[in-house]
Number of protein chains: 2
Amino acid sequence: MMHTRPHVVIIGGGFGGLEAAKSLAKAPVDITLIDKTNHHLFQPLLYQVATAGLAAPAIAAPTRSLFRHQANLTTLLSEVTDIDAKDKKVHLSDGSTLVFDHLIVAAGATHSYFGHDEWSAFAPGLKTLEDAFEIRRQVLFAFESAEKEPDPEKRQNWLTLCVIGAGPTGVEMAGAFAEIARQTLVGEFRRINPHDARILLIEGGPRVLQAMPESLSQKALEQLQKLGVEVRLNAIVTGIDATGLQVRGPAPAGVMGTVDYRIASQCVVWAAGVAASSLGQKLADNTGCKIDRAGRVVVSSDLSLPGHPDIYVIGDLALAMSHSSGKSPTAVPGVSPGAKQMGRWAANNLLQRLAGKPTRAFKYADYGNLATIGHNAAVVDLSTPFGPVRFSGRWAWWFWLLAHIYFLIGFRNRLVVLMDWGSAYLSFSRNARVVAGTLHKSAPHVGES
Amino acid sequence: MMHTRPHVVIIGGGFGGLEAAKSLAKAPVDITLIDKTNHHLFQPLLYQVATAGLAAPAIAAPTRSLFRHQANLTTLLSEVTDIDAKDKKVHLSDGSTLVFDHLIVAAGATHSYFGHDEWSAFAPGLKTLEDAFEIRRQVLFAFESAEKEPDPEKRQNWLTLCVIGAGPTGVEMAGAFAEIARQTLVGEFRRINPHDARILLIEGGPRVLQAMPESLSQKALEQLQKLGVEVRLNAIVTGIDATGLQVRGPAPAGVMGTVDYRIASQCVVWAAGVAASSLGQKLADNTGCKIDRAGRVVVSSDLSLPGHPDIYVIGDLALAMSHSSGKSPTAVPGVSPGAKQMGRWAANNLLQRLAGKPTRAFKYADYGNLATIGHNAAVVDLSTPFGPVRFSGRWAWWFWLLAHIYFLIGFRNRLVVLMDWGSAYLSFSRNARVVAGTLHKSAPHVGES
């Protein structure tokens, strides 16, 4: 397609790409937004799809529909396989190429097994709707398999649910697993008692939610323990296979040093490592730009790729710094407000360049951080002009809930989520306890397929 | 597990199995309900999941949860591979067996390609949630692929959507496809006009909805045509492959006889043939009972398996007759009220036998028949004590809608479905336009995997 106006290509329809695209709505440019799925995913609530609290369409909006009224934008369902920064074109998976004048790379991140990709078969991560369905299937079918298992030891292995990594996703997932076992499923089984399930949260660092202040990490730990989650800190996972995981961690109380031990478990979820999209590596290969160990691209202060002022890298794929006057630059955290702000900032810098004006150094506005643990349990750390405001428990939970409803896209989705949460709050029911497949198609632990 | 009370095994958690299980709630028996999925599916609305109108959890309820309070029932997620009528046991897919005193086989039906199983790769049928997701993906991605296709002929092939079979499911699906093309997607594409999509409904018989009176078939045909669906009657599909289908049907107007022709299409849905579960064939092999060409078991007047009074076969797997005094027996149609009534009847006959009393011949109460075509378009044929009541159009559509809401299980599901339909009615939006996979994982037409 010929473009008479500058052609802006945006790779990725996540928080960063979406904000960049919206910010260019009135600009004299033609935009192509490329995503490999047909929807924008509200990632902060993906764990709710994985834990059977919400249906997928409640947190996913068709990208094409979101931009129905933005006439300067066309949506393309495709996957970018490479970026040619010199000739200014992107290569698509169907073999075609797309020429750009300006490029915004917002391809996001995926989970990383720290070089142990063989673990992925036994410990799914959580980044896409497919991941969420796989986790939902594993946790619900673990209870089904336990109900059928005559051998008490094997039965307990099915009832041992492990979450690796105690960042926000790991904490949310462990909390939700505990609620499923202690509340949702109560009274539904005839041979097992779901209450016998053990939920383990295994964290390599010294505390949960390490991005939070220490006092809130402590609060979160207490709330997890109250829900019945066994939290293992300073515990490194050294192996995962079909029947469990190998851990190196602190010796039992009273004993010094570390020990190696095994946890027999048939349901393991990976929430530990994040790696940037492989497009970061491609950009490094093609332009010589620097990437960090997680594959994130080190960007210039204006979010552009060093030496390529018409290419911006934003969101989880970017290692960006925030520049405030009079302060030394600080790293921008990999959270959705960061991605959104970078999207808007990159779009504005693009317009500055179009107008022949200088670009501006990115400044991140930090509004704080929040994480939920379960029913009436959350931690909130707000940055306000008057200093930090920190609270936890019931009010933090309500604050978390309202913030997420507010940022969800679409009136209908807000209503559905509110309704499902309302009924879950009152009855502990979970409204999406549906697995599309049968047992045999869907238990890689058993069939090893 | 040892049973001190008679052990009733029910195979299948569809309409028939569910009603049988509920009817035995207060009986002095132990029940095991076996299903290969973890949910009861409200089949009449499955086409809405396939056509992106509803999310899966809105029409699927976890079986285990439905029977939480029925203490004499245990749910088993498993698949029955064979039935040993002599030794009274069922074989499960994990190699174990289950001994029964009474058995109710309600294993339902699947789609049949009339001996052409190779067509299944190109024309998915609609029986399970997985089928629905596959159809949703094919129809939504057909428009995405058309948008990307530079060649006008190939583009039109993507925009040619075919539905084979004009029973209720085929009619509903063709109507929904027409609404997607003419209403939902309008304004969202930049290169194609979704309005250019052709929707073909191909039927081997002389009219649509053959179970309906002829006047209503005619009304349905007119409503389909008004929606822009091209209906081909007396047209037999003789081949389906990756790029389209081969049809033998009436010659164009003015020409006598039949002609063979090809329809180039990349999106074909199969709604033509139904075959009973393969357990019908197993029963025939093991007991010598008769089955019809569709694999349905010919049952005795009391719904039991001939020669095996403790085994009942009900629902879509049974070829049952309705017995009214003074009239010759009539065949029971394969619809959900039929399955539900058989479920209750088989449970009652089982209790009669337990009490040493004679069983009763099944009598089907026919309340009529309804089918929807689209927005404000449906046909209703009610059987009342005062004779048949037939109507079509707007009021039939409202009647259809209220009946389906009424029979849906669960308050929450009713509310969600009403809400989604309300917004669809007002705005023609469809609230589940989400495909979990990416283009390449999910286009068997392209990758042939």
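Two definitions come in handy before you click: helices (H or I, at least four residues) and strands (E, at least two) are DSSP runs, numbered from the N terminus, and a helix's expected span is 1.5 Å times one less than its number of residues. What you have open is a predicted model, in which local features need pLDDT of at least 70, side-chain atom pairs count only at pLDDT 80 or more, and totals for chains, interfaces and linings use all residues. Residues are numbered from 1 along each chain as its sequence is written, while chains are lettered from A and ligands numbered from 1 in the order in which they are written.

**Stop 1: chain A on its own**

Select chain A and colour by secondary structure: there are 12 helices and 27 strands. With a radius of gyration (over C-alpha atoms) of 23 Å, close to the 22 Å from the globule rule (2.2 Å times the number of residues to the power 0.38) for 449 residues, chain A is as compact as a globular protein of that length. Its C-alpha trace spans about 70 × 50 × 40 Å along the principal axes.

Now colour by domain, using bounds from an automatic or database domain assignment. Domain 1 takes 7-36 + 78-111 + 274-354, and domain 2 takes 117-272 + 369-447. Their centres, over C-alpha atoms, are 32 Å apart.

**Stop 2: helix H7**

Zoom to residues 214-226 of chain A. This is H7(A), whose 13 residues should span 18 Å at 1.5 Å a residue; the end C-alpha atoms are 18 Å apart, which agrees.

Which residues of H7(A) are buried? Taking buried as 20 or more other C-beta atoms (placed from the backbone) within 10 Å of a residue's own, select Leu216(A), Ser217(A), Lys219(A), Ala220(A), Leu221(A), Gln223(A) and Leu224(A). Show what covers them: helix H6 (168-184) and strand S26 (377-384) of chain A are among the elements there. Just past H7(A), click Gly228(A), which has a positive phi of about 95°.

**Stop 3: where the chains meet**

Bring in chain B. Counting a contact when C-beta atoms, placed from the backbone, lie within 7 Å, 42 residues of chain A touch 42 of chain B. On the chain A side, H4(A) gives the largest share, 6 residues.

**Stop 4: the axis**

Notes:
Contact = placed C-beta atoms within 7 Å. Buried ≥ 20, exposed ≤ 12 C-beta atoms within 10 Å, placed from the backbone.
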